[in-house]
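Reader: I am new to reading structures. Could you take me through one, a question at a time?

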Amino acid sequence: MKRKLVIWLTWSGVLWGAAGLCAVFFFQPKLQSAFIPGSTTRGHHQIENDCQVCHTPWMSVKTDACNQCHEEDLKKHRDTHPMSKFTDPRNADRLQTIAADECVTCHQEHRPEITHAMGVTQPDDFCIHCHQDVGTDRPTHAGLPFTGCNASGCHNYHDNTALYEAFIDKRKNDPANNRRQQVVTRAPRPEPKTPTVPGVFPEDTDPQVLHDWQASAHARAGVSCAECHQEGGDVAKPWIQRPGMDSCARCHEGPVKGFKTGLHGMRVAAGLSPMTPAQARIPMLASAAHSELTCNSCHAPHAYDTRKAAAESCQSCHDDTHTRAYAASPHAKLWAAEISGVGKPGTGVSCATCHLPRTSRFDENDEKIVSVEHNQNANLRPNDKMIRTVCLDCHGMPMVLDALADRALIDRNFDGPPSVHVESIDLILKRKALKAQSK
Ligand code: HEC
Ligand code: HEC
Ligand code: HEC
Ligand code: HEC
Ligand code: HEC
Ligand code: HEC
Ligand code: HEC
Ligand code: HEC
Ligand code: HEC
Ligand code: HEC
């Protein structure tokens with residue numbers, strides 16, 4: 001009887017101890033980070049201490065965890081190899097050599113020694129597992145190395161919206177520059193509402209604030225001080241001296257959502273403190289090290305000058321070769337011309353033209369709505385995502401396919417013609433010639 005009690009007490013002690021350790025482990029990010037097996041990829045390093053966004057309590061990773069952040073985007077870009085392709089029994093044989101029905105088969109974490117670009121942890125030639133017959137099915141591909149399938153401008157595993165054959169074929173003879181070199185323009189600023197009333201505000205307010213607000217699109221659209229400084233714009237509520245992002249979200253849902261989806265806002269989205277340049281993995285100016293990334297980083301409050309936001313603001317934090325090279329590029333000259341009024345609206349190319357591009361859609365009244373994509377990672381990688389969203393407004397397909405495959409040209413921020421050539425168009429022409437021959 002006594003022995004049983006001792007055993008029972010020992011076991012319960014062990015179990016309680018284990019439960020306690022687990023609890024400490026899951027509620028103490030600092031402790032958890034000690035268990036990280038290796039450096040986390042560039043896409044996730046900002047949230048790496050938030051183990052539970054990816055891991056189950058038993059430390060495994062479910063595809064659902066990845067889907068909560070990536071599913072919508074992969075769907076939007078018509079993923080060429082969606083999970084559903086591999087849960088289809090007809091393709092079951094394809095999974096015998098590579099378990100493509102799980103994200104972690106190709107995207108492990110904390111393994112820098114095997115991590116390639118875009119968080120891929122498979123060897124460069126992994127397409128061979130399922131496409132070993134491509135050389136016989138497509139004579140133009142005979143003898144091509146499998147390490148080159150997803151080279152820039154050829155194919156992607158997920159997003160081929162700018163690279164499928166019919167799309168390239170239609171544009172294969174385009175000249176380097178379009179006749180109309182212009183991106184879509186934003187609606188003219190709203191007509192001033194008269195009289196523009198700021199409403200009630202603290203007496204000791206810096207006159208500059210009032211001055212900036214008066215000249216802004218907000219004043220013109222009748223957005224008073226209270227709209228941002230008092231909850232819900234309700235003048236009966238207390239004055240908030242420094243309104244946060246929530247106040248903007250009430251009227252600008254799109255920009256807030258976009259901001260939170262990319263590397264600028266992913267920490268805010270996770271409920272952590274905002275990102276700062278000091279925590280970045282890419283080169284940043286020391287002078288900006290501790291400035292927190294919020295809407296105000298690009299839009300000085302009250303002035304909200306979108307031109308400053310489009311290039312000047314970026315250059316006050318970013319400090320990589322590509323960013324530094326921008327000022328001397330032909331694109332920067334076009335942008336300088338546009339903001340000085342010499343160039344027509346939409347003909348300049350700022351950082352934002354490429355990284356926070358404008359998108360247009362028609363609302364229920366058939367009115368054109370132009371908005372700005374605030375997720376600067378949405379078209380960043382693979383970089384051919386920029387072809388449709390940006391480059392084709394001004395350039396032809398053959399030139400931009402080559403330009404985006406030219407790493408050195410990207411580093412010099414597109415200061416001249418590309419010196420790399422992608423063979424996609426040549427292969428299409430070759431296939432047509434072979435077809436004609438066999439007829
Ligand atoms: C962005 C998602 C993500 C976050 C955040 C994350 N992990 Fe992971 N972790 C993964 C993935 C993916 C794997 C690989 C799983 C596999 O291969 O099945 C992994 C693997 C592991 C492994 C197993 C390594 C091995 O070799 O088997 C450990 C241990 C681990 N993570 C610990 C942590 C800890 C501790 C944290 C938080 C401090 C954390 N992870 C945060 C995604 C993440
Ligand atoms: C909390 C949201 C979140 C979760 C969970 C998450 N990711 Fe991400 N992931 C991001 C963000 C944000 C980025 C960076 C922006 C981008 O590149 O789109 C990113 C980037 C990536 C990239 C591209 C990296 C690069 O260098 O371009 C891959 C691949 C990726 N994630 C796969 C996964 C996989 C696989 C999982 C599940 C283990 C996962 N993600 C879980 C938000 C998330
Ligand atoms: C069989 C391998 C494989 C599997 C499985 C896989 N990926 Fe990928 N993934 C890649 C490759 C290769 C790239 C590099 C870019 C490309 O070729 O599309 C990539 C790139 C990405 C990117 C960044 C580029 C982009 O187009 O957004 C994200 C995000 C991503 N994968 C998420 C996922 C998620 C989420 C899953 C699971 C639902 C998944 N991947 C499953 C191979 C894979
Ligand atoms: C796990 C198996 C598997 C892997 C690995 C794989 N694919 Fe596929 N791929 C498929 C299947 C299944 C299809 C559907 C057509 C078919 O049956 O061939 C397909 C179709 C395609 C298509 C044609 C898409 C279309 O709609 O016309 C391209 C292009 C492609 N894959 C490229 C690649 C590239 C590039 C890689 C490597 C980065 C790769 N695939 C890796 C299974 C795979
Ligand atoms: C579109 C939203 C918006 C409107 C409209 C607005 N503000 Fe602000 N205001 C902000 C934000 C955001 C901050 C916080 C800036 C920061 O955190 O640095 C701020 C900060 C302030 C501050 C504190 C500045 C400081 O340096 O301490 C004062 C005072 C102020 N606003 C007064 C006003 C007055 C007066 C009006 C009307 C004439 C007004 N605001 C209209 C968003 C707005
Ligand atoms: C009560 C609604 C409301 C709130 C709250 C609000 N805005 Fe606005 N905002 C507008 C309207 C209306 C416009 C003018 C029409 C347009 O450009 O969409 C505008 C325009 C803008 C513009 C474009 C300016 C230009 O010159 O084209 C920016 C940038 C902006 N807002 C940022 C913010 C930020 C940041 C916050 C939070 C601090 C905020 N807004 C809060 C309603 C609001
Ligand atoms: C990285 C810099 C950057 C950050 C951070 C940023 N913006 Fe912007 N935003 C811009 C630029 C650049 C434009 C104008 C681009 C153009 O004219 O094409 C813009 C335009 C806008 C517009 C007018 C266009 C539209 O889509 O309605 C609004 C509103 C806006 N921003 C709100 C916000 C809010 C709210 C936040 C915070 C969640 C925010 N921005 C964060 C750079 C930024
Ligand atoms: C307050 C400083 C700050 C401002 C202003 C700013 N950024 Fe950033 N940016 C960052 C930080 C920090 C990161 C995250 C880097 C990391 O995670 O390593 C980042 C990430 C990025 C990335 C993704 C890089 C990658 O490798 O995935 C791009 C692209 C980018 N910013 C472009 C811009 C553009 C364009 C502007 C202006 C419209 C801008 N940024 C304004 C600080 C800033
Ligand atoms: C003509 C389009 C274009 C312009 C203009 C442009 N970029 Fe880029 N940017 C790109 C492309 C393409 C990439 C490469 C994406 C890849 O392949 O990784 C890139 C990459 C980046 C990166 C990621 C760098 C890294 O190390 O991962 C940052 C940050 C960035 N750009 C910021 C800026 C800033 C800031 C400006 C303005 C001073 C700017 N860009 C102007 C097209 C452009
Ligand atoms: C608003 C229009 C516009 C957009 C958008 C644009 N460009 Fe340009 N780009 C130009 C103009 C105009 C020139 C100068 C052409 C010339 O002098 O022949 C130029 C020059 C270039 C050059 C140098 C060409 C040379 O022969 O010197 C390259 C490379 C280039 N752009 C690539 C790109 C890429 C890649 C993108 C998309 C990420 C892009 N551009 C987006 C208008 C644009």
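**Iron sites, helices and domains**

Author: In this predicted model, His264 and His318 coordinate the iron atom of ligand 8 through their NE2 atoms, at 2.0 Å.

Reader: What is the arrangement of the six donor atoms around the iron atom of ligand 8?

Author: The arrangement is octahedral, because the angles that the six donor atoms subtend at the iron atom of ligand 8 run from 85 to 180°. For comparison, ideal angles for six octahedral donors are 90 or 180 degrees.

Reader: And where in the chain do His264 and His318 lie?

Author: His264 is in the loop between α12 (253-261) and α13 (266-269), and His318 is in the loop between α16 (312-315) and α17. The pair links distant parts of the chain, 54 residues apart.

Reader: What is the relative accessible area of His318?

Author: His318 has a relative accessible area of 24%, so it counts as partly exposed.

Reader: Let us move to ligand 3. Which residues coordinate its iron atom?

Author: His107 and His158 do, each through NE2, at 2.0 to 2.1 Å. The arrangement is octahedral, because the six donor atoms around the iron atom of ligand 3 subtend angles of 88 to 179°. The pair links distant parts of the chain, 51 residues apart: His107 is in the loop between α4 (83-87) and α5 (128-131), and His158 is in the loop between α6 (134-137) and α7.

Reader: What are the accessibility values of His107 and His158?

Author: His107 has 32% relative accessibility and therefore counts as partly exposed. His158 is partly exposed because its relative accessible area is 26%.

Reader: Which residues coordinate the iron atom of ligand 9?

Author: They are His322 and His355, both through NE2, at 2.0 Å. The site of the iron atom of ligand 9 is octahedral, with angles of 89 to 180° among its six donor atoms. His322 lies in helix α17 (residues 321-326) and His355 in helix α19 (residues 351-355), so the pair ties together parts that are 33 residues apart in sequence. His355 has 21% relative accessibility, so it counts as partly exposed.

Reader: You mentioned α17. What does Ala325 touch?

Author: Ala325, found in helix α17, touches Asp411, Arg412 and Asn413, leaving aside residues up to four places away in sequence. Ala325 is partly exposed, because its relative accessible area is 22%. Between the C-alpha atoms of Ala325 and Asp246 there are 36 Å, and these two residues are 79 residues apart along the chain.

Reader: Back to α12, please. Which of its residues are buried?

Author: Val256, Gly258 and Phe259 are buried in α12. They cover an arc of only 165° around the axis, so they are on the same side of α12. The buried residues of α12 pack against α11 (245-249) and α13.

Reader: Why would residues a few places apart in a helix point the same way?

Author: An α-helix has 3.6 residues a turn, so residues three or four places apart point the same way.

Reader: What about α23? Which of its residues are buried?

Author: The buried residues of α23 are Ser424, Ile425, Leu427 and Ile428. Seen down the axis of α23, they fall within an arc of 165°, so they line one face of the helix. What covers them includes α7 (165-170) and α21 (397-404). On the face turned away from the buried side, α23 carries the exposed residues Ala436 and Gln437.

Reader: How far apart are the end C-alpha atoms of α23?

Author: They are 21 Å apart.

Reader: Now the chain as a whole. How many helices and strands does the chain have?

Author: The chain has 23 helices and two strands. Its C-alpha atoms fill a box of roughly 95 × 70 × 45 Å along the principal axes. Of the 439 residues in the chain, 30% are buried.

Reader: And what are the domains?

Author: The chain is divided into domain 1 (51-136) and domain 2 (207-411). The centres of domain 1 and domain 2, taken over C-alpha atoms, are separated by 32 Å. Five residues of domain 1 are in contact with five residues of domain 2.

Key. Residues are numbered from 1 along each chain as its sequence is written. Chains are lettered from A and ligands numbered from 1 in the order in which they are written. This is a predicted model: local features need pLDDT of at least 70, side-chain atom pairs count only at pLDDT 80 or more; totals for chains, interfaces and linings use all residues. Side-chain values use heavy atoms; hydrogens and water are left out. Helices (H or I, at least four residues) and strands (E, at least two) are DSSP runs, numbered from the N terminus. The expected span of a helix is 1.5 Å times one less than its number of residues. Buried means under 20% relative accessible area, exposed over 50%, partly exposed in between (1.4 Å probe, protein chains only). The arc is that of the directions from the helix axis to the C-beta atoms. Contact means heavy atoms within 4.5 Å. Donors are N, O and S atoms within 2.8 Å of the metal (3.2 Å for Na, K and Ca); water is not among the atoms, so sites may look incomplete. Four donors count as tetrahedral if all angles lie between 85 and 135 degrees; four count as square planar and six as octahedral if opposite donors are over 155 degrees apart and all others between 65 and 115; anything else is irregular. Domain bounds come from an automatic or database domain assignment.
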